Amino acid sequence: MLRKTSLASLALVVGGILAVVGFYAYFTDKPTLNLAGFFYGIPLLLGGLALKAAELEPAEFTQPTSGEVLLLRESQATETQNQVRKDITRFRYGQPAHLDDSLERLGLAPTDEERPLLQGLREVDVDGAYGLILEFYSPLIPIEVWEEKQEKIAKFFGPGLDAQVTQKPDEKIELALITSPKA
C-alpha cells in the first residue's frame with residue numbers, strides 16, 4: 001500500500017493542515033498551536049511542494065495479471081525481474097524517467113530528449129516461462145537500434161533472462177524480459 005502512496009501528497013496534506021491550524025491559532029491568540037503550525041506545518045508544506053516537483057508517478061499495468069502468471073512469477077521470476085517490476089510500480093523522486101540510468105548504460109538514451117519513455121508493463125506466460133513486458137514510447141530510437149542492443153539488454157538485466165524486442169504501432173516498443181530455461 002505504501003508503494004502506491006505519494007509522499008509528496010501526504011506531506012502536502014499534513015503540512016497544509018498544520019499550517020492552517022497555525023494561522024488560525026495565531027489569529028485567535030493560542031501560542032502553543034501557533035508554534036506547532038509554523039514550526040512543523042510550513043516546513044512540511046514546503047517539503048511536500050519540493051517532493052511534488054521531483055515526483056515520478058508509478059508505471060501502470062496495462063492488463064491485469066492472471067493467477068497462472070502470478071504462480072509463474074513466484075516460481076520463475078529472477079531477482080532482477082522482481083526488482084525492475086517493484087521499482088517502476090512505485091513513486092520515485094528526483095529521476096526524470098523510469099529506468100533512465102539503465103537505458104543510458106545500454107546506449108538507448110543518448111540524450112534526455114531521445115530517451116524512450118516507459119508507458120506501462122504487463123506480466124505474461126511465454127511458452128511456460130515468466131515474462132515481464134515493458135512498454136516504451138520510442139519515437140526517436142528506431143527498432144533497429146533496439147534489435148542491435150537485444151543481446152546487451154539480456155546480459156545487462158542479468159543471468160537467466162532472454163530479451164525480446166518487438167515493434168508496435170504508434171512508435172511503441174515492447175521489451176520482453178523472459179526467464180530462460182534452466183540448464
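**Close-up views of a predicted protein chain**

**View 1. The chain as a whole.** The protein chain has a radius of gyration of 22 Å, whereas a compact globule of 183 residues would be near 16 Å (taken over C-alpha atoms; the globule rule is 2.2 Å times the number of residues to the power 0.38). Its C-alpha atoms fill a box of roughly 75 × 40 × 25 Å along the principal axes. This is a predicted model, in which local features need pLDDT of at least 70 and side-chain atom pairs count only at pLDDT 80 or more, while totals for chains, interfaces and linings use all residues. Residues are numbered from 1 along each chain as its sequence is written, and side-chain values use heavy atoms, leaving out hydrogens and water.

**View 2. The largest nonpolar core.** Such a core joins buried Ala, Val, Leu, Ile, Met, Phe, Trp, Tyr and Cys residues through side-chain atoms within 4.5 Å; buried means under 20% relative accessible area (1.4 Å probe, protein chains only). Among its 29 residues, those touching the most other members are Ile88, Leu134, Phe136, Trp146, Ile153, Phe157 and Leu175. Elements supplying at least two residues each include helix H4 (79-88) and strand E5 (129-137), and E5 gives the largest share, 4 residues. Helices (H or I, at least four residues) and strands (E, at least two) are DSSP runs, numbered from the N terminus.

**View 3. Around Leu175.** Leaving aside residues up to four places away in sequence, the contacts of Leu175 (heavy atoms within 4.5 Å) include Leu134, Phe136, Trp146, Ile153 and Phe157.

**View 4. A second core.** Ala129, Ile133, Ala176 and Ile178 are among the 5 residues of a separate core.

Notes: Buried means under 20% relative accessible area, exposed over 50%, partly exposed in between (1.4 Å probe, protein chains only).
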